[in-house]
Amino acid sequence: MNSVQEMQLKDLMRKNTLMFITILVSTVAGLGLAIVQQNTFSTYIYSADVLSLVVLYFLFQRILKKPTVLPYVMIAVIYLFSIISVVFDDSSVRLMLILLFLTVFSAVHLNIKIFLQGYLLGLIVLFINHFTATADKELIQGLLSTYLLVYVLIGIIFFVIIRLSENQKKNVRTFLLELEENSNQKEQQKAYLEEKVASILSNMETINEQFQKNVYAQKEMAYAINEISAGSQSQSEQIVGISQNTNETKNNMEEVYTDSIKLYEGSNEIKSNAEDGQDKVNNLTENIHHLQTIIQSLSQSFTVLTEKISETNQFADTIRDITEQTNLLALNASIEAARAGEAGKGFAVVAEEIRKLADVTGQTTQKITQNLSELNSSNKEAIEKMEQSGETIEVSVASTKEVSGYFNTMTETLKMLNKGLEGFTHLSQQVQGQSNEVENSTNDLAAIIQEASASLEQMSATVDGLTNSNENLSELLNETVQEVIKMNKQSVN
């Protein structure tokens, strides 16, 4: 609800209160008069009227919050009790005067509708009073035309006054609405201006704080730049030392690269020799295996020969037995030939020859036995030596295998060493190239750091100048903030 409507509502409620008090005072006065005159009916009518007015006022004005309805209800109730008084009591000139008062009473609000309601109800009560008059009938009828003229003139006057008042109220209301609208616009403009001033003030305070921070940061930056500049000079000197160390490292890497090439070539030569030695060891191993096979075959042959010699020895024993038997038979034949005399001479010769043959056979058998014994001894020695040779060959084979394993291990190790030396050679070459690049980069970095040191010194001077400018600007901004605060306080006041 706007202020104009609030003012209208307050004015309506004040007028309702004024109407209520006025009519209540008038009704209470009438009640007092009726009591003094001991008019019982009027006393009841005025009492009911007072009670109704009080109930209606508090019901519509206080409880229901319907102040716009209250005037219509109050006027209707007042005229209703007037009609009841006229109808059930008696008509009187006094009532005609009361109707004039009620006409004025209906115009209190200066509302045409309320006035017309009271004015028309007054006419109705006037005519009822005229037609129901008994005691003062002639007087009432004689005064009717004059009363009507006065009543009409009063109605016209109040109608004109109310119309003028309504026009004036409309003009006042329009003026108040325009004034309220202008006031609202000014309030909005004031609020907008205060908001903008507060926003500007907040922004300026923020800017001021940021300037203070920037000034502090620039001081820190200037200090850091000085530190960086000093550090850059120190780094430049260190870079020069690093460059010298890098140059020495480069020379050392060149020597390492040369030595690694020599080691790589020597490793290749050792690797080739180890591979040749491994091939020879492998050939020797194969030959020893072949010799071991031959010796095993010879051992088997000597074993067979030993068996044959043993069997031949048995044959020699058999021949010796046969020789002994032959000698014995030759002896017996000689004895029998001697007994035969001349007839046995030829048989004696044969027996002699057989004996000689037996002797030769015995001698030969003895030599064969002796040879076989010697051969058997030699065969045993040969078998023992073959066994010793077999064991030696087995040991040699095991040693050869072990040596071959050593050669294999050495070959693998040399291969790994060769690969390592090859990688080391490539790595040395790469490190040498990187050392050259590091040397060039170090020289370039030293030059860049020197240029950066010079730039940092220039930047430090620039930051110092910028810091001084920001300090001056911060002071001006602080003064501006204080002025804006004062202006804002003045505008609020």
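Visitor: Which residues in H5 are buried?

Guide: This is a predicted model, and in it Ile112, Ile114, Phe115, Gly118, Tyr119, Gly122, Val125, Leu126, Asn129 and His130 of H5 are buried. They cover an arc of only 155 degrees around the axis, which puts them on the same side of H5. On the other side of H5, Lys113 and Phe131 are exposed.

Visitor: Where does a side-chain oxygen of Asn111 reach at the start of H5?

Guide: That oxygen of Asn111 comes to within 3.0 Å of the backbone nitrogen of Lys113.

Visitor: At what angle do the axes of helix H3 and H5 cross?

Guide: The axes of H3, residues 70–88, and H5 cross at roughly 5 degrees and come within 10 Å. Because angles under 35 degrees count as roughly parallel, H3 is described as roughly parallel to H5. Among the residues of H3 that meet H5 are Tyr72, Ile75, Tyr79 and Val86, while the H5 residues taking part include Ile114, Gly118, Leu121 and Val125. Within H3, the buried residues include Ile75, Tyr79 and Val86.

Visitor: Is Thr103 buried or exposed?

Guide: Thr103, whose place is in helix H4, residues 93–106, has a relative accessible area of 0%, and since buried means under 20%, Thr103 is buried. Leaving aside its neighbours within four places in sequence, Thr103 is in contact with Tyr79, Phe115, Tyr119, Tyr151 and Ile154. The side chain of Thr103 also reaches the backbone oxygen of Leu99, at 2.8 Å. As for separation, Thr103 and Leu120 lie 17 residues apart in sequence, and their C-alpha atoms are 9.3 Å apart in space.

Visitor: What is the value of phi of Lys65?

Guide: As a general idea, most residues other than glycine have a negative phi. In this structure, phi of Lys65 is near 55 degrees, a positive value in a residue other than glycine. Lys65 is found in the loop between helix H2 (40–63) and H3, and with a relative accessible area of 60% it is exposed. Phi of Leu110 is likewise positive, near 55 degrees, and Leu110 has its place in the loop between H4 and H5. At 23% relative accessibility, Leu110 counts as partly exposed.

Technical notes:
Residues numbered from 1 in each chain as written. Predicted model: local features only at pLDDT ≥ 70, side-chain atom pairs only at ≥ 80, totals over all residues. Heavy atoms only, no water. Buried < 20%, exposed > 50% of the residue type's maximum accessible area, 1.4 Å probe, protein only. Helix = DSSP H or I, 4+ residues; strand = E, 2+ residues; numbered from the N terminus. Arc of directions from axis to C-beta. Polar contact = N/O pair within 3.5 Å; in protein donor to acceptor, adjacent residues only side chain to side chain. Axes fitted to C-alpha atoms, helices over the stretch in contact; angles between N-to-C directions. Parallel < 35°, antiparallel > 145°, perpendicular 65-115°, else oblique. Contact = heavy atoms within 4.5 Å.
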